[in-house]
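Please read them alongside the structure.

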Amino acid sequence: MNNILTDGNNLCLIVYSGNDRCYIVFDMKDGSIYFPGSFSGKEVFSKLNSSQIISFKQRGYDRAFYIQVKKRKASGISEYFKLVFELVGGNSNFFILDNGHIILYRFSDKNIDQDRDISIGCKYQVFRSNKQFSLDNYDSISDFNLLEGFYKKTADFANRLIGIKGEVGDVVCYIKELLSDENIYIDSDGRAYPFRISEDLNEINIKDYKCKFNKEKKVFSFEGIKRQLKKRISDKKDLLKKLEGELSIAENYHELLHKAEILKNNLFRIDEAMRSGEFLEFTPNGEKIVSIELKDVRDMDAYIESLFNRGKKLERSIPLIRKRISDIKMEIDFYEELSFFLDNGDIDYDEIGDLLKPDHRVKKGRTKKVKRYYKYGKDDFILLIGRNSFGNDEILGLADKEDIWFHVHGYPSSHVILKSNVGLPSYDLLTDVARVTAYYSVLKNEQKVAVDWTSRKYVRKVKGAAKGFVIYDRFKTIMVQPASPEEIGFTLEEK
């Protein structure tokens with residue numbers, strides 16, 4: 001695919017191989033798909049014309065995406081097909097599959113993965129990626145060409161940002177922010193880019209088309225949602241354990257540098273040292289003998305250089321891994337908080353699927369509407385208490401930058417906002433509100449609970465994250481005993 005054309009109501013994708021071209025038109029008003037012209041006279045295209053789009057999916061960050069469509073026959077029975085786009089440079093291709101993933105049509109014989117069979121009638125197999133790194137797993141790479149989904153122009157753009165935006169990890173975060181919007185960008189030749197790599201690109205906002213895709217919703221019960229949350233928490237904890245292991249290794253980078261330094265200082269007697277396994281270490285107190293085991297080292301200069309490079313690479317990776325660990329811990333906290341709200345019945349079942357995945361819905365009959373937050377009053381102060389993730393997000397938008405935000409330290413709890421019309425509240429009032437925050441938490445039956453508080457201006461939403469997910473800093477922590485709002489003199493105004 002090298003072109004995207006639009007007239008404001010339709011999108012036209014153009015796929016080409018040599019002199020052959022394939023035009024695919026999406027009617028963005030009713031979510032249908034068309035293949036203009038005879039299209040090589042293939043019967044499958046007449047079947048697909050006017051079919052309804054059910055879903056779009058992309059494989060990670062890779063340059064492959066899938067469109068599932070449905071076409072109702074005259075008999076009333078629906079047939080399902082899948083359109084597969086493999087957009088990998090000179091090996092790009094386009095397939096149409098039946099509901100059993102059998103290849104009905106292929107645009108060309110180009111095959112990025114020579115170990116698979118893409119003949120008509122064969123079962124389609126996803127190509128193996130030749131890149132082991134991605135925006136979620138970038139270790140300490142220094143070239144974005146090594147990352148899944150990047151090609152020359154996008155990689156060159158990202159590489160130029162290194163040093164301008166900070167380290168590689170900072171650029172990764174910036175790229176993710178760019179990808180979180182609803183836009184694609186088109187150059188003068190109609191070529192598409194996932195983010196703006198230059199100022200002369202035209203912007204297309206997909207939301208402007210308001211496409212009515214005929215998506216088939218996944219249905220979950222209460223127990224199904226609980227299983228989803230449990231699995232996500234478990235997966236994140238497994239990843240956290242892996243990252244902590246990587247951090248432990250990286251924090252010992254000095255051992256590699258120390259070893260490299262000793263070997264470097266023994267180059268003048270390296271043959272003797274390698275025979276005996278004993279090397280001289282030069283310290284402020286004089287020389288001492290250390291044992292270093294070396295196996296199959298043929299080029300000592302290259303080996304020493306590799307030790308220095310590995311040590312420095314591990315040192316550079318430490319802040320990136322720590323940042324990733326911090327992000328994962330916040331995600332675990334968020335999912336545990338969601339589970340807490342679900343157990344308490346404080347979240348609308350019809351909304352919780354949106355926090356897990358946009359096309360999830362719960363079973364009919366189990367849905368209930370839940371007030372998103374409580375509002376309490378006392379003198380010149382107002383207390384807003386989020387009842388669920390949507391409520392937490394909503395009260396954050398109602399708060400001024402100098403209002404005070406509360407949350408239990410390290411455990412699931414409601415977010416609480418203290419609004420004041422008379423300036424800063426007293427320490428006693430801050431303590432009382434912290435007690436209320438502890439009351440609306442998983443630790444409400446404990447005697448002592450740690451509660452964080454900070455100004456609203458230091459609480460930030462994360463672009464692209466689920467509602468209610470925030471990060472905060474410059475906070476203080478108070479140890480309190482949980483208490484209800486009524487116990488500290490607040491009166492319920494809205495429920």
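1. In which sense do strand 18 and strand 20 pair, and over how many bridges? Strand 18 (residues 381–386) pairs with strand 20 in the antiparallel sense, over five bridges. Strands pair if DSSP finds at least two bridges between them; strands (E, at least two residues) and helices (H or I, at least four) are DSSP runs numbered from the N terminus.

2. This is a predicted model, in which local features need pLDDT of at least 70, side-chain atom pairs count only at pLDDT 80 or more, and totals for chains, interfaces and linings use all residues. Residues are numbered from 1 along each chain as its sequence is written, and side-chain values use heavy atoms, leaving out hydrogens and water.

3. Strand 20 (residues 416–420) has four of its five residues buried (under 20% relative accessible area; exposed is over 50%, partly exposed in between; 1.4 Å probe, protein chains only). Its residue Ser420 is the bridge partner of Phe381. Strand 19 (residues 404–408) also runs antiparallel to strand 20, joined by three bridges, and Trp405 has Ile417 of strand 20 as its bridge partner.

4. Glu281 lies in strand 14 (residues 278–283) and counts as buried because its relative accessibility is 12%. Leaving aside neighbours within four places in sequence, Glu281 is in contact (heavy atoms within 4.5 Å) with residues including His258, Ile262 and Val290.

5. Helix 2 (residues 152–161) and helix 3 (residues 168–179) pack with their axes 9 Å apart. The contact involves Phe157, Ala158 and Leu161 of helix 2, and Val171, Tyr174, Ile175 and Leu178 of helix 3.

Terms used
Axes are lines fitted to C-alpha atoms, for helices over the stretch in contact, and angles run from 0 to 180 degrees between N-to-C directions.
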